[in-house]
Protein chains: 2
Amino acid sequence: MPLGWRVMENIMQIIREEMNAIGGQELLLTSLQDSEIWKKSGRWSDEVVDVWFKTRLKSEQEIGLANTHEEALTELMKNHVHSYRDLPVFAYQFQTKFRNELRAKSGILRTREFIMKDLYSFCRTQEEHDEFYEKIKQAYLTIFKRVGLGDVTYLTFASGGSFSKYSHEFQTLCDAGEDIIYIDEKQGIAINEEIIDGEGTYDKSKLKKAKAIEVGNIFTLGTRFSDALGLLYQSKNGEKIPVAMGSYGIGPARTMGTIVEVYADEKGIVWPLAVAPFHVHLIALSEGANKAETLYAQLQNQGIEVLYDDRQEVSAGEKFADADLIGIPWRLVVSDKTLATESCEVKSRRSGKIEILKMNELPTYLRARLDSARQASSP
Amino acid sequence: MPLGWRVMENIMQIIREEMNAIGGQELLLTSLQDSEIWKKSGRWSDEVVDVWFKTRLKSEQEIGLANTHEEALTELMKNHVHSYRDLPVFAYQFQTKFRNELRAKSGILRTREFIMKDLYSFCRTQEEHDEFYEKIKQAYLTIFKRVGLGDVTYLTFASGGSFSKYSHEFQTLCDAGEDIIYIDEKQGIAINEEIIDGEGTYDKSKLKKAKAIEVGNIFTLGTRFSDALGLLYQSKNGEKIPVAMGSYGIGPARTMGTIVEVYADEKGIVWPLAVAPFHVHLIALSEGANKAETLYAQLQNQGIEVLYDDRQEVSAGEKFADADLIGIPWRLVVSDKTLATESCEVKSRRSGKIEILKMNELPTYLRARLDSARQASSP
């Protein structure tokens, strides 16, 4: 819906900025997938990948809806990667994934159709890969900090699946989570329950056990896909070498759902400023309407995004309850009472703190607060 | 691919601005569709709609991939529209449509999977609908003007399909087009060949026949879907009245393909400034590299988007040919020759005109040209 979609766009823009900052190039692959390339990698069978949606072209040729894009992008790269000069490449997209989950659950935390930011890295050597892997690990931490989850999100060791021994997950502490992690508070990292027993290094009793939501994951793929699909480059010496790959995912909708879970109170959602659908929720009561219209225009001129509740047949109480439910960071109220002193009431959704500010000072004041919040949250 | 995707994003942003300007609210619906609502509207059967992709959930329940979204949004609106106070609503999305075409063809002009901007209008009365219909008709003309197709795009009378007697298409003159239109040059409008013989009003011999690409279409739906799905509102008098609907589509990728067809020359693509993937294509030759690096930074500081060809092992001729092929509006060359006079060569991709400009004046000069081009193309 429109308010949620604005939050999604804010989250996606933060992710986009951080991916571009480490050399990511945005593109868009298709959902419809030719079975041939998936047969080569061994992931077409429903016994190997149990979340396929499959359908048919008019020609009866069987096709699938992409649940991830390693195969499709590796195949595409064969047109663009020939020599060592063509590497490294870091390509990403915000693209709809389809996964035929037996049970979709937890609202937007697990759905059969969802947008994923997936980046794929193509490097010449394992060392070049490792260097990029470190960079994107830091970029992910920056993203979760910027969207407001920095304090409760842990870099977490997890299984590497069929790709490598380990992968890294980004796990956000939350009772609604499906995962269990063990936190090493001294080191500021965590270990997923699924691998901790195989790990001699950690003493469970010294770690803090907690429920968490997996908000991102990053994988070293090695040459699993470049071998299967024949993505090779020619080295300086003329050797043909398979490309070293990695894949890196974040679901913006799951991130949005996690933010809701982490910040919400009994009255409703509490959006952090960086992802909020609007900065300001403006409410006009009784005679305040004209002044509120003026303020609405002035705030927008300062680049402040305003949701203006100009409904006339709705009570003050209902407007306040809706503002709490929607969770925009600042609620402004213009009423007969505030107008008597040319003022406006400013309430913080998060702290509940109320200030009375002169209307003519308000746009500049909020603009300055917005700028300082942005500065604090940017890397 | 990355350059094309930047063009797509520019086109989508122009469409978004024009949809927001007439009160559109952006949201996102799902591709996966429950068959029930399509059975109610009579469009689930493959005999009625022959482009369905269908698949199944784990529960064996049959689902479809949306080829359009009238049913889904009408059903959703039943949660939000109850009283005349809840209307009108204008909701739109940029969403992937799936259509099982027998033959996909003409590159990106007709594909089985494509992003569509589809807006749906929900009005109280036919008059309210007609008023909005006029507004969005103008907004569409503005969009095609802004992306650079204004001079060759005609508002065209076409069949209304099963919805109403007529609809309007936006047809761009182009030999690659699949449609034939008859242009009334005096009135500045056109009639689609498919309906002209049924129309007594027009004398074909006085009209200009031309091939064209349909880049947009707008439909009056009446109460076809609100009746079928039960989207009713309560009027001031307490009557239950079906909502008057319309739907309005533009395919950004087809628009992009049409721009390529209309502007390209024998050397490659020629992007209009408003949609170009970058404003400037910067090429450094020989000793120019250091100066080009500085210029690259200065241009970006002015908000000018620069594609910097810093390849070292590629000849000047190859760089020039690539610049022509990619089609970015301004090509800048920094070489020994231009550096001797602290200058830079600026070539217009479209006109081929070359100017020699002082390097220190260049960022401000291009910024001013960019601003005046923006002003000219904005509504």
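A:Asp34 stands opposite A:Ile63, a residue of strand 4 of chain A. The model is predicted: local features require pLDDT of at least 70, side-chain atom pairs count only at pLDDT 80 or more, and totals for chains, interfaces and linings use all residues. Residues are numbered from 1 along each chain as its sequence is written, while chains are lettered from A and ligands numbered from 1 in the order in which they are written. Helices (H or I, at least four residues) and strands (E, at least two) are DSSP runs, numbered from the N terminus; two strands pair if DSSP finds at least two bridges between them.

Strand 2 (residues 32-34) and strand 4 (residues 62-65) of chain A run antiparallel and are joined by three bridges. Strand 3 (residues 53-56) of chain A also runs antiparallel to strand 4, with four bridges between them. A:Ile63 is the bridge partner of A:Thr55. The hairpin of strands 3 and 4 of chain A has five residues between the strands, and in this hairpin A:Glu60 takes a positive phi near 80°.

## Overall features of chain A

Chain A contains 11 helices and 19 strands. Its C-alpha atoms fill a box of roughly 80 × 55 × 45 Å along the principal axes. Of its 379 residues, 41% count as buried, a class that requires 20 or more other C-beta atoms within 10 Å of the residue's own; exposed residues have 12 or fewer, partly exposed residues lie in between, and C-beta atoms are placed from the backbone.

Two residues are in contact if their C-beta atoms, placed from the backbone, lie within 7 Å. Among contacts in chain A between residues at least 6 apart in sequence, 70% join residues at least 24 apart.

## Helix 4 of chain A

Helix 4 (residues 126-146) of chain A has 21 residues, and its first and last C-alpha atoms are 30 Å apart, close to the 30 Å expected at 1.5 Å a residue. The expected span is 1.5 Å times one less than the number of residues. The buried residues of this helix include A:His129, A:Phe132, A:Ile136, A:Ala139, A:Tyr140, A:Ile143, A:Phe144 and A:Arg146. Viewed down the axis of helix 4 of chain A, the buried residues fall within an arc of 145°, so they line one face of the helix; the arc is that of the directions from the helix axis to the C-beta atoms.

The face turned away from the buried side of helix 4 of chain A carries the exposed residues A:Glu127, A:Glu131 and A:Glu134. A:Gly148, which follows the helix, has a positive phi near 105°.

Helix 1 of chain B has 20 residues and should span 28 Å at 1.5 Å a residue; its end C-alpha atoms are 29 Å apart, which agrees. Its buried residues are B:Arg6, B:Val7, B:Met8, B:Asn10, B:Ile11, B:Ile14, B:Ile15, B:Glu18 and B:Met19. These pack against strand 5 (89-98), strand 6 (113-123), helix 4 (126-146), strand 14 (244-250) and helix 7 (252-263) of chain B. Just after helix 1 of chain B, B:Gly23 takes a positive phi of about 95°.

In helix 9 (residues 316-326) of chain B, the buried residues are B:Ala323, B:Asp324 and B:Ile326. Their cover includes helix 1, strand 15 (280-284) and strand 17 (330-334) of chain B.

## A buried glycine in chain B

B:Gly177 lies in the loop between strand 8 (166-173) and strand 9 (179-184) of chain B. This glycine is buried, with 20 other C-beta atoms within 10 Å. Not counting residues up to four places away in sequence, B:Gly177 touches B:Lys211, B:Ala212 and B:Ile213. B:Gly177 and B:Ile213 are 36 residues apart in sequence, yet their C-alpha atoms are 4.3 Å apart in space.

## Interface and symmetry

The interface brings 22 residues of chain B into contact with 22 residues of chain A. On the side of chain B that touches chain A, helix 1 (2-21), strand 1 (25-26) and strand 3 (53-56) of chain B each supply at least two residues. The largest share, three residues, comes from strand 3 of chain B. By class, this side has nine nonpolar, six polar and seven charged residues; Ala, Val, Leu, Ile, Met, Phe, Trp, Tyr, Cys and Pro count as nonpolar, Asp, Glu, Lys and Arg as charged, and the others, Gly among them, as polar.

A rotation of 180° with 0.0 Å of shift along its axis superposes chain B on chain A, with an RMSD of 0.0 Å. That is the relation of a two-fold axis. The superposition is by least squares on the C-alpha atoms of residues with pLDDT of at least 70 in both copies. Of the residues of chain B, B:Thr55 comes closest to the rotation axis, at 2.7 Å (C-alpha). The copies meet through the same surface, because 100% of the interface residues of chain B are also interface residues in chain A.
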